[in-house]
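Subject: Structure handover

Hello,

Here is the structure we talked about. Please look it over first; my notes follow below it.

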Amino acid sequence: MNIYPEFEVVRNDSRCIRCRVCERQCANEVHWYDEDGKVMLSDESKCVNCQRCVTLCPTRALKIVKSDCRLRENANYSDQTIKEIYRQAETGGVLLSSMGNPNPLPVYWDRILINASQVTNPPIDPLREPMETKVFLGKKPGTVTRRPDGSLDTALPPQLTLSMPVMFSAMSYGSISYNAHASLARAATELGICYNTGEGGLHEDFYKYGPNTIVQVASGRFGVHKDYLEAGAAIEIKMGQGAKPGIGGHLPGTKAVGDVSKTRMIPEGSDAISPAPHHDIYSIEDLRQLVYSLKEATQYRLPVIVKVAAVHNIAAIASGIARSGADIIAIDGFRGGTGAAPTRIRDNVGIPIELALAAVDRRLRDEGIRNNVSIVCGGSIRSASDVVKAIALGADACYIATAACLAMGCHLCRSCHTGKCNWGIATQRPDLVKRLNPDIGSQRLINLMNAWRHEIKELMGGMGINSIEALRGNRLMLRGVGLTEKELEILGISHAGE
Amino acid sequence: MSPKQMQSPPLEGQVRIPSGCAVSAMISRDGRRMNGERIIESMVPMHDRSNGLGGGFAAYGIYPEYRDFYALHIFFNDRRCQEECMTLLRENFEIVQDEHIKVRKMPQITDEPIIRRVFVSPMQSVLRHLQIDEKELVVRTVNRINAQLEGSYVFSCGKNMGAFKAVGFPEDVGRYYRLEEYDAYCWTAHGRYPTNTPGWWGGAHPFCMLDYSIVHNGEISSYDANRRFIEMYGYKCTLQTDTEVITYIADYLLRRQGLTLEETASVIAAPFWSTIESKPEEERRKYTYLRTVFPSLLVTGPFSIILGFEGGLMALNDRLKLRSMVVGEQDDMVYIASEEAAIRTMAPDIKTIWSPAGGEPVIVKVKEGAF
Ligand code: SF4
Ligand code: SF4
């Protein structure tokens, strides 16, 4: 069945100079030049609205608009729902999507407001006074010990040191390009934070960024070997991901080419589908064994992160992880991005990170084990104010990936799974990859993080707080607007005006 | 909650009430005991830093004849509360003495609760049964009374020391409690300027836990981060005041973690990372360790606090020095106050007065054996 295209390519022919940039730039082959009529034509059925042609057209002759050709309005059966049924009736397949859940579910960050000092205590000016954003992630000892001479025994469990409480979260080499990885690694190093290899292993060129790298071990164990584990500043066991809780990673064979297949240690062109569970972890005590195997393999030098998707029972799960020997828990909310996930899972499984984070922080405190682990939260942290709210709810640091992709040029067209990212990020096609210049990509990431750091400092200063640790878990600095009693109770905050 | 209560403004503890304040202290390093006259006088020039909604004092060395017993100072709303509380106490402690705290009736101080002083000694059998030491039993019992028994409030529970507090201006509170009749080697005082609070005596300062007492001026911005951390360790912040949470932090770090006063100061008012970087290796490791292990006990926002304890005191400013605090020294005496005028009232011809830097603790100890 022929479905009318979702987008329309609108070309202002009086502006078009027939330079054919759009034709060369569109990996989806939407545009072509008609020699006979000397006009540019387009097949909009292939367009994903990535805005590449729009951005690069020198005369601004192009725009992509949402097609207004719609099926008959129906509040229950939306256009999209119906078209998905048509597609499935045609192919018999599972629908695939990428990036985070785009549906209009509540974004709690937008319903939380931040406090500022007035009269009774002074705001602090970040331009004139020191304002500290440095954090240490890892287990904190429960009791202070002293050496025989009475001085403090300053030995600590391994800590991950970050200049600010934000890290680039897992995106595998394979799902994203070499140049994207290079940009992330270089930016993380320059910023004094970390990026995360994701489950695709670590390209040999990037070992030199080890001190700012988190190496991931996922259920497929792709690219995992001793040197890899030893290369990073921390090891992350990926139990789940917010975009697709309950299933493993998925790299389409079209992206498993060249160095990607080598780094993953899989044959070229084969789909890299990670199993849903780790087949050596069917229970919490098995997790403990893997945590300790990894620690053993790296002489207890590195903190181990356990990453889980935010699901219904997240507080109890986190409590189990906190007792498993893990140093850091990473919680990924249901709005987290992905390079490829079944649409139904992405859009319907998991819970919002705000609620998950609040519940986990509270549970760990109620059980007196909050110091056993640090909490990192991800799954749609979009701005510096989201970071501040997350820290005040109880996170030690945040993971960002979609925002990092946006900084590198992503236009959130949500078609990463096709492997034809026109921005050189979620692709392995050499002609596309080279569109992302790592010099520029890393600089833009650095700019973004520096901007956020300034904003975080300003927000902190306004609250009269001059160090990020005094913000962590400081829920009194937050108020909700338009939230129910239950939501406020879970978030552990008061309503505005209270 | 009765309808009447619902209409009246919430009590301290039901809401968090910011306040400004005045603090003052005097201590003899020789352990000489002095009556409360001068400390009361020191609060007079700082009258405008309080608003009559709370004043109080802590005195060390006042009960030498009962030095081995915990002196509980307790407010009761009525006889029924007193009965209930004493029953609980009797289950855990021998009651050595149970008496009225003598007061001077005056028009400035009204709505007084029943104010009792009870000297107690923990029962060995209870300690053995719970497998805790006696200090822990005192802490737990006091926390239980204050959190769970309505109408009873223990506001002082150390040995050979005591707090005296009320709703009123501090100089009136001092005279009300007849502090000129007590002799202490160390006095601290507090006048409160809460922005909004009904008169509740328990909400006045100092705040005490065992022999630790805190008077504090400021409004800390780290409050909830501190509170939520310390509550993991069995403390319950029922008053929602800065002073309360700082007292628990001091108790946790000094008594339970065994940190020194200097170490405690560098947790509460931790040096900036930039300062730490510039220190020699050994110190750098120490400060880094303390900040890494106790990040949630860093106190930010303006504060000047005076922590009293058996045998000494420590004064500390926030690391940006957002609140005033001056120190004076003369012979064996050390004076500390929010304003120099207060020190000059206590010691008119004093020569040495200085303003300690933010985050730099001033620690004064009485000579060993002199208290
Ligand atoms: S897919 Fe992108 S580049 Fe191609 S036509 Fe659509 S917006 Fe332009
Ligand atoms: S990474 Fe590329 S393909 Fe994926 S959403 Fe962004 S622009 Fe589209």
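Buried area is the accessible area (1.4 Å probe) that two parts lose on being put together, summed over both. By that rule, chain A and chain B bury about 3,600 Å² between them. Carbon and sulfur atoms make up 55% of it.

Some ground rules. This is a predicted model: local features need pLDDT of at least 70, side-chain atom pairs count only at pLDDT 80 or more, and totals for chains, interfaces and linings use all residues. Residues are numbered from 1 along each chain as its sequence is written, chains are lettered from A and ligands numbered from 1 in written order, and side-chain values use heavy atoms, without hydrogens and water.

The chain interface: 45 residues of chain A and 44 residues of chain B take part in the contact (heavy atoms within 4.5 Å). Seven salt bridges cross it (a side-chain nitrogen of Lys or Arg within 4 Å of a carboxyl oxygen of Asp or Glu). One of them joins Glu282(B) to Arg147(A), with the closest N and O atoms 3.8 Å apart.

Now chain A itself. Its domain assignment, which is automatic or from a database, gives domain 1 (7-93) and domain 2 (135-495). Their centres, taken over C-alpha atoms, are 35 Å apart. The two domains bury about 1,100 Å² between them, 46% of it from carbon and sulfur atoms. Ala27(A), Cys50(A) and Arg52(A) supply 48% of the area on the domain 1 side, more than any other three residues. One salt bridge is counted between the domains.

Best wishes
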